Amino acid sequence: MNRLSTPFASKGLHLKNRIVMAPMCQYSVETNDGIPNEWHYVHYVSRAIGGAGLILMEMTDVEPDGRITDQCLGLWSDEQIPAFRRIIDEVHRHGAKIGIQIAHAGRKAEDALEPVAPSAIAFNDSYRTPRALRIDEIEGLVVKFKEAARRAVEAGADTIELHGAHGYLIHQFHSRVVNKREDEYGRDLAKFGCEVVAAVKSVMPADMPLVMRVSAAEFSDGGYTVEEGIEIFRRYLDAGVDIFHASSGGEAPVGSVKPAIYPGYQVPLARAMKDVLGVPVIAVGLLDEPKLADATLAHGNADLVAVARGMLRDPYWALHALQATAGKSGNAAEWIPHQYQRGY
């Protein structure tokens, strides 16, 4: 049986298969306005034609200084909604579902003149030292996450993913390596993330699942282990997260616990989260080999598999993976657009 091709459902989100296009920054906004352009349109629609069940749009930021670079996407203004809606509508025409990853880069905002973070600790020597956020600013950022989510819903997104991984702002708050605050946002490392989750859920339809991407474990000396991370993620689950997207790392400095990087190296982290939290989990990390991706599902290690660089190299990765794992009984016509079937 081809597990990649089996449908998946969470609340009102129904996917034709279990292949997810992971969010990958394109750094392609040309006018510093955060609005998707023709590059983004072709990029995402081609992956919908290419067979992905769920497309997660790249990191889309809640304020201009929350971007990694000035070439990143944003949803801080209603004027940005139509361009997102155009992409989403066309993706839907080709049978895929699509979500938007909402985020703030925090201390990793490279083009911000004054980046902000939980504490005034630079990411590394190449980055500006951030200013520690005041409590009123933290509360304001929660509202900005909420408003960005509202705009994503108005644009027609099928789901929203919060970026709580890779050393960006939500991750910065729940990392004891980065968060050295002595107020309530330092004593309770999950407080900011829980407030963001609750605020975002308040503007989402009841049948729309909320995805959260997290670094399941950190690689800094003194960083949290997967077991410790799960206790934080349990709080996010209680606040309203429906699906977790299990990545790792992204904070700095990298310490002695960094694992070897090999195909599927993060799958055990996804399995650990799935076993304890009891909700659907997306596995990601060098799952470009179709049979490995299929086996990840077959062994019950995850509910969905996300592919990043593989889909940069091949817009039709999903179709090719479904064909490669179909076996003798597979019917390519089930997945391939009729315009392309002669090629198969």
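1. Helices (H or I, at least four residues) and strands (E, at least two) are DSSP runs, numbered from the N terminus. With that in hand, the span of residues 6-320 is 35% helix and 17% strand, and its end C-alpha atoms lie 15 Å apart. The UniProt record, an unreviewed entry, annotates residues 6-320 as "domain: NADH:flavin oxidoreductase/NADH oxidase N-terminal"; such annotations may be inferred rather than shown by experiment, and the positions are given in the numbering used here, with feature names shortened.

2. A word on the model before you read on. This is a predicted model, in which local features need pLDDT of at least 70 and side-chain atom pairs count only at pLDDT 80 or more, while totals for chains, interfaces and linings use all residues. Residues are numbered from 1 along each chain as its sequence is written, and side-chain values use heavy atoms, with hydrogens and water left out.

3. Let us start with helix α8, residues 267-277. Its buried residues are Val 267, Leu 269, Ala 270, Met 273 and Leu 277 (buried means under 20% relative accessible area, exposed over 50%, partly exposed in between, with a 1.4 Å probe and protein chains only). They sit on the same side of α8 because they cover an arc of only 160° around the axis, the arc being that of the directions from the helix axis to the C-beta atoms. An α-helix has 3.6 residues a turn, so residues three or four places apart point the same way. After α8 comes Gly 278, with a positive phi near 70°.

4. What do the buried residues of α8 pack against? Their partners are β10 (210-215), α7 (226-239), β11 (243-247), β12 (281-284) and α9 (290-298); contact here means heavy atoms within 4.5 Å.

5. Strand β10 deserves a look of its own. Of its 6 residues, 6 are buried: Leu 210, Met 212 and Val 214 on one side, and Val 211, Arg 213 and Ser 215 on the other. In a regular strand the side chains alternate between the two faces of the sheet. β9 (residues 159-164) runs parallel to β10 and is joined to it by 5 bridges (two strands pair if DSSP finds at least two bridges between them). Gly 164 has Val 214 as its bridge partner in β10. β10 also pairs with β11, again in the parallel sense and over 5 bridges, and there Val 214 stands opposite Ala 246. From β10 the chain crosses through α7 to β11 in a right-handed β-α-β crossover.

6. Beyond four places in sequence, the contacts of Met 273 include Val 214, Phe 233, Phe 244 and Ala 246.

7. Among the residues it touches beyond four places in sequence are Val 281 and Asn 301. Asn 301 lies in the loop between α9 and β13 (304-307) and counts as buried, at 16% relative accessibility. Asn 301 is also in contact with Val 267, Ala 270, Arg 271 and Thr 296.

Key. Right-handed = clockwise from strand over helix to strand, strands pointing away.
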